[in-house]
Amino acid sequence: MSAGVSAPAVAAPPSAPSQGRGRGPGGGIRGREGLAGWLFVAPVLLVLGLFLVVPIAMALWVSLSDWQGQGSPFGNGVGFVGGGNYSELLTTPGLAQTDFMTSLRNNAYYVLFVVPLQTVLALGLALVLNGKRLKGKGFFRTAYYFPSVTSSVAVSVVFLFVFSSSGVVNSLLAKIGVDGPSWFADPRGVVHLLLGGLGVDTDAPPAALAGRSLGGLTLWDWLAGPSVAMCAIIALVVWTTAGTFMLMFLAALQDIPVEVEEAAEIDGAGRWQRFRYVTLPMLRPTLFLVLTLGLIGTWQVFDQIYVMSQGAPGKTTLTPAYLSYQSSFNNNEWGQGSAIAFILFAIIVALTLVQRFVLRDKDDGRERAAVRRAAKAARSGTGPTAEVSR
Amino acid sequence: MTTTTTAAKPASAAAPKRPGRRGGLGRVAGYTVLVVFALVYIYPFLIQLATSFKTEADSTAHPLALWPDPVTTAAFSRLAEADYPRWFLNSFVVALVVTAGRVFFDSLAGYALARLRFRGRGALFAAVIAVMAVPGVVLLIPKFLVLNQFGMYDSYSGMIVPLLADAAGVFIMKQFFESVPVSVEEAARIDGAGPFRIFWSVVLPMARPALITLTILSFQGSWNELPHFIVSRQSPELNTLTTGVASLVSGQLGSGNQYPLKLAAALLMTVPVALVFFAFQRHFVRGGTEGAVKG
């Protein structure tokens with residue numbers, strides 16, 4: 001790239017004087033290019049600066065203030081409260097803390113279910129679709145990918161009907177004799193339901209859990225699991241996003257040279273062994289990418305909550321992103337809403353960094369091991385087999 | 001490379017002896033999985049299509065039926081009488097202007113970052129990358145604050161201007177321009193063409209594939225956008241399809257569950273994106289993965 005860019009600069013000086021321009025060699029061109037460069041990026045710079053950088057700075061101020069939404073946040077009546085909004089959310093017992101902790105719990109369970117499910121589904125579909133001599137690939141790929149391009153509002157409306165109490169899912173369940181729940185009105189956590197099924201009295205939960213609390217929520221509440229309502233949203237999101245990730249896996253699978261798999265097959269590796277020791281290691285970069293994107297995306301869930309549940313029932317679908325919106329726009333607690341946005345920002349950045357750190361370490365180790373293994377194989381294994389097969 | 005391929009060919013011809021029988025079984029299993037999931041993926045859309053032509057009583061009594069009984073277009077005529085056409089128009093105008101803006105501004109900036117030499121270019125590109133990492137949802141409240149401060153809240157300009165450029169688009173265009181050989185531009189430069197002329201009449205015509213990808217992504221993105229229109233407007237007459245249909249769901253149109261109406265509204269708003277998708281699927285697939293890789 002750098003070579004391509006420097007080439008015209010070298011070529012330019014002789015041509016400039018020959019055109020009869022009165023500019024200094026190189027400098028004129030460079031100067032004109034410099035001005036053009038800044039003019040070219042100016043619109044993007046202006047939009048991103050005014051509606052991305054400035055807003056963040058402004059919200060940082062609001063998150064440190066007690067602004068109630070009246071007039072300008074820089075007006076006279078607005079007071080500086082320092083970290084007050086943050087401590088109300090994180091450490092001071094009260095409604096704000098309970099709500100925020102509830103939203104963190106809900107989103108954590110959501111992430112815990114959505115990320116593995118969508119990754120496994122995407123990988124599974126990609127593996128099947130990548131099979132040789134398969135007919136109708138294009139049709140299946142389109143079918144799985146289509147929901148990803150449609151509006152989140154539209155598919156949310158469809159799923160509201162699919163999961164309504166007299167809707168598609170419950171009618172199907174009724175056919176096999178199961179009485180389906182009224183999904184979006186059911187705040188019971190699935191872990192609680194499971195424990196109830198195992199004989200734990202959910203109306204009078206064990207004192208060891210119900211008696212102790214952390215961040216305004218009892219341990220019993222922390223362990224609730226996603227509510228039945230949240231499960232419907234989880235199903236929707238997994239269904240919608242798996243298609244995009246499937247395409248990434250498919251692209252990566254098609255990049256694996258056929259010879260590698262064939263070599264493993266010749267060496268007598270079974271289907272599972274080939275997947276575990278050949279395909280999966282080669283998919284590792286894509287797998288990491290999918291997990292990271294999944295993790296970042298799931299902590300931002302907003303559209304589906306806004307359309308389908310608005311945090312109900314019993315605040316079990318409340319997420320930090322939605323709580324931030326609700327505190328600001330509905331309750332006029334702009335300081336708190338902005339503070340939630342920044343905490344969410346920090347969570348996402350921290351998760352990304354932690355994941356990057358953990359994976360980099362592992363990657364290095366594995367890569368070295370892989371290189372060693374490959375070298376060994378080249379010396380002993382694959383060489384002779386190739387000769388034999390010829 | 002070629003030697004290994006030729007070496008492997010006979011091997012693949014010899015290999016299927018053992019897995020041959022299992023391959024047939026595996027293929028049946030593979031197709032079963034694919035068909036089951038295709039049903040899971042297509043059935044909801046078929047139900048949606050059928051239900052939007054049902055009466056409300058029919059939709060509640062027979063949610064699984066793929067044929068409405070009786071067939072009625074009541075949902076659609078009620079939508080036509082309501083604000084729906086207005087929402088459609090708003091979405092269309094916003095998506096059109098945003099797409100035009102993004103394609104032009106993003107490719108201008110992408111070209112400058114790829115080809116023009118100027119001080120601060122490296123820092124600018126780093127800033128673009130940093131901006132892409134900011135999670136969109138975090139910007140909800142901040143965006144409202146700024147629009148309110150500038151007096152742009154609850155207006156078309158507030159809905160459109162903040163979306164006119166996006167870092168991901170700049171990134172895609174920069175990547176593309178770097179893959180184009182420089183020689184053509186050099187010839188134009190020697191002929192005395194200025195940077196904008198070179199960009200406009202030499203480079204841009206060559207960038208068609210990237211421009212199509214960016215056009216599609218921008219159209220789809222702005223058509224489906226919800227959060228920005230929640231925080232940039234409040235008047236009902238500025239509703240786009242996303243905010244409008246979302247307000248339908250919270251039920252302001254009389255009694256009952258209104259499922260035929262809601263599903264018809266969701267169906268119609270899907271049509272334009274679906275048309276673009278089926279016409280340009282190849283570009284969608286490429287843009288989707290590219291756009292995601294940067295994220």
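**Notebook: two chains in contact**

I looked up where two helices meet and found Val153(A), Val157(A) and Leu160(A) of H6(A) touching Thr242(B), Val245(B), Ala246(B) and Val249(B) of H14(B). In contact means C-beta atoms, placed from the backbone, within 7 Å. By class I noted six nonpolar residues, one polar and no charged here. Ala, Val, Leu, Ile, Met, Phe, Trp, Tyr, Cys and Pro count as nonpolar, Asp, Glu, Lys and Arg as charged, and the others, Gly among them, as polar.

This is a predicted model: local features need pLDDT of at least 70 and side-chain atom pairs 80 or more, while totals for chains, interfaces and linings use all residues. Residues are numbered from 1 along each chain as its sequence is written, and chains are lettered from A in the order in which they are written.

Next I checked the geometry: H6 (residues 152–162) of chain A and H14 (residues 241–249) of chain B pack at about 20 degrees, axes 9 Å apart. H6(A) and H14(B) are therefore roughly parallel (angles under 35 degrees). Helices are DSSP runs of H or I, at least four residues.

I then looked at the whole contact, which takes 89 residues from chain B and 87 from chain A. On the chain B side, helix H2 (residues 19–51) gives the most, with 11 residues. That side divides into 61 nonpolar, 18 polar and 10 charged residues.

Last, I looked up Ala75(B), in helix H4 (residues 74–81) of chain B. Ala75(B) is buried, with 25 other C-beta atoms within 10 Å (buried takes 20 or more). Leaving out residues up to four places away in sequence, Ala75(B) touches Ser52(B), Pro260(B), Leu261(B) and Ala264(B).

Methods. Axes are lines fitted to C-alpha atoms, for helices over the stretch in contact, and angles run from 0 to 180 degrees between N-to-C directions. Angles under 35 degrees count as roughly parallel, over 145 as roughly antiparallel, 65 to 115 as roughly perpendicular and the rest as oblique. A residue is buried if 20 or more other C-beta atoms lie within 10 Å of its own, exposed if 12 or fewer, and partly exposed in between; C-beta atoms are placed from the backbone.
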